[in-house]
Amino acid sequence: MPESAYDCIVIGSGPGGYVAAIRAAQLGMSTAVIEKDAVGGRCLNYACIPAKAILRVADILHEIDEADEFGIAVPDRTVDFAKVFERRQKVVKTLTGGVAGLFKKNKIEYIEGTASLAGENKVTVDGTEIEARKAIVLATGSVPKPIPGTEFGGRVIGTEEAWALQEQPKTLAVVGAGASGAEIASAYGRLGTDVLLFEALDRVLPTEDADISKAAGRRLAKQNMTIHTGTLIENVQSQDDKVTFSFGDQQGEADYLVIAAGRGPDVEALGLDAVGVKLDDRGLIDVDGALRTSVKGIYAIGDLVKGPALAHKASDEGVIAVEDAAGLETHPIEYIDIPRATFCTPAVGSFGLTEEQAREQGIDVVVGKVNYGAVGAGTVYGDRTGVIKIIGDKQYGELVGGHIVGAKATELIQELVNAKALEGGYPEVARIVHGHPTLAEGVMEAARAADGWLIHG
Ligand SMILES: Cc1cc2nc3c(=O)[nH]c(=O)nc-3n(C[C@H](O)[C@H](O)[C@H](O)COP(=O)(O)OP(=O)(O)OC[C@H]3O[C@@H](n4cnc5c(N)ncnc54)[C@H](O)[C@@H]3O)c2cc1C
């Protein structure tokens, strides 16, 4: 049975909610987390983590397929999808078990049930009312939205279901070539599924810098995949054993159609209206820089609020929200400088403005761009085609954006994010000593290129 009151009540146990709860407990607040489904939220159970577990398998297979180039013959490689799924489950269990362990360690009460707001400082869980003495943190995440003219059901599935298929599909149609769609297409394509990838805009990963998305598109197209950009699908019909649809003047069919084209905040059960929590014009919960909603003592974080829908953004907001509730000084997040990572092959990591956005903003742009082949590591490790592109402000030497496509891009981008956070510019990155031979030397070379003294190029 839950207590009748806690200092802090967190609704939702995803990367926003569980991190908020741990930080609240560290700050001396008695804390409870209410979760209607599974500890760890969607991120750990259905989204980020299962996705990366399956992508890892595709990466290994991809390396095996390229092993010949390195002098290794693997004549008979097969994918046992049942085992792949088993490992996926194991990874999820290990990590969600870790979160449950952290709750215990920090003396956080984990309450199973669906929560709704019952007043400024009150929450109801399946009929029981609990008081929050200092803060309520809403962290209920987001749910998938179908594209106009379609609905989920049968063989029309969302991204979470795509990562939970227990048999490998022979054919898959993916609608939306943003991060989520590109990851699904790249994983299943490399595992041997025939993939059709549809994107309404003119290129894959359309929000990335144009050079980066072009480079990614070229390599994705070699992964058992046909890419249709500038294309809308229509007339979707889910049948017993397949789904059919049309695009342009063509007909298509696949074992499943995955809609990877949008999500909306999961606010239905929260009863926001009853307590007067306001939404913004996009239907997200309206918050200020400290994640305070329009109602005193109620905070909202993660996919419920503005900014990129990313796990690490949700966690950071969780920390800010409860630190504010504890009376500490906090600073608003610079959303544009949050690292963005796409784990397809080639991987993509970015932050800040694209070249086009920087020019549109009238910044005196300087571009430093190198291929991975510019440094020894690119050749040694077998990825010469990766690209590192730095967008700088020529006048101030500032890092305006960083864009990387290729092996380890999701790790490499962090260096530029850190440099910017510590108020370093590209001239500083250019002069930091980097280990050899590492791909990170490429980041240094791109910074040198921006600063006008590229050594290897
Ligand atoms: C397929 C996929 C892959 C992704 N991959 C990545 C990635 O690689 N990296 C990345 O940074 N981001 C990724 N994301 C985005 C990331 O999953 C989200 O940004 C993140 O999960 C948001 O965290 P959250 O804490 O806001 O909510 P969630 O993780 O959605 O957790 C919210 C929890 O609240 C619970 N809940 C909802 N309503 C109630 C209620 N009324 N009472 C009690 N509990 C409730 C839900 O059951 C859920 O468990 C991915 C998303 C998808 C769909």
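Reader: Which residues form one aromatic cluster?

Author: Phe 81, Trp 163 and Tyr 188 form it, where rings of Phe, Tyr and Trp (its six-membered ring) pair if their centres lie within 6.5 Å, and planes under 30 degrees apart count as stacked, over 60 as edge-to-face and the rest as tilted. The model is predicted, with local features needing pLDDT of at least 70 and side-chain atom pairs counting only at pLDDT 80 or more, while totals for chains, interfaces and linings use all residues. Residues are numbered from 1 along each chain as its sequence is written, and side-chain values use heavy atoms, with hydrogens and water left out.

Reader: How many aromatic pairs are there by this rule, and why is the pair of Phe 198 and Phe 245 called edge-to-face?

Author: The count comes to six aromatic pairs. The ring centres of Phe 198 and Phe 245 lie 5.7 Å apart and their planes stand at 85°, so this pair is edge-to-face. It links distant parts of the chain, with Phe 198 in strand E10 and Phe 245 in strand E13 (residues 243–247), 47 residues apart; helices (H or I, at least four residues) and strands (E, at least two) are DSSP runs, numbered from the N terminus. Phe 198 and Phe 245 are both buried, a word that means under 20% relative accessible area, with exposed over 50% and partly exposed in between (1.4 Å probe, protein chains only).

Reader: Why is strand E10 described as largely enclosed by the rest of the structure?

Author: Four of the five residues of E10 (residues 194–198) are buried, and therefore the strand is largely enclosed by the rest of the structure.

Reader: What makes E9 and E11 partners of E10?

Author: Two strands pair if DSSP finds at least two bridges between them. Strand E9 (residues 171–175) pairs with E10 in the parallel sense over five bridges, and Val 174 stands opposite Leu 197 in E10. Strand E11 (residues 225–228) pairs with E10, also in the parallel sense, over four bridges, and here Phe 198 stands opposite His 228 in E11.

Reader: Is Leu 205 buried or exposed, and where does it lie?

Author: Leu 205 lies in the loop between E10 and H7, and it has a positive phi of about 45° although it is not a glycine. Its relative accessibility is 3%, so Leu 205 counts as buried.

Reader: Why does Lys 408 count as exposed?

Author: Lys 408 has 56% relative accessibility, and therefore it counts as exposed. Lys 408 is placed in the loop between strand E22 (398–405) and helix H12 (409–421), and its phi is positive, about 60°, although it is not a glycine.

Reader: Why is Val 74 called partly exposed?

Author: The relative accessibility of Val 74 is 36%, so it counts as partly exposed. Val 74 sits in the loop between helix H3 (48–65) and helix H4 (81–105).
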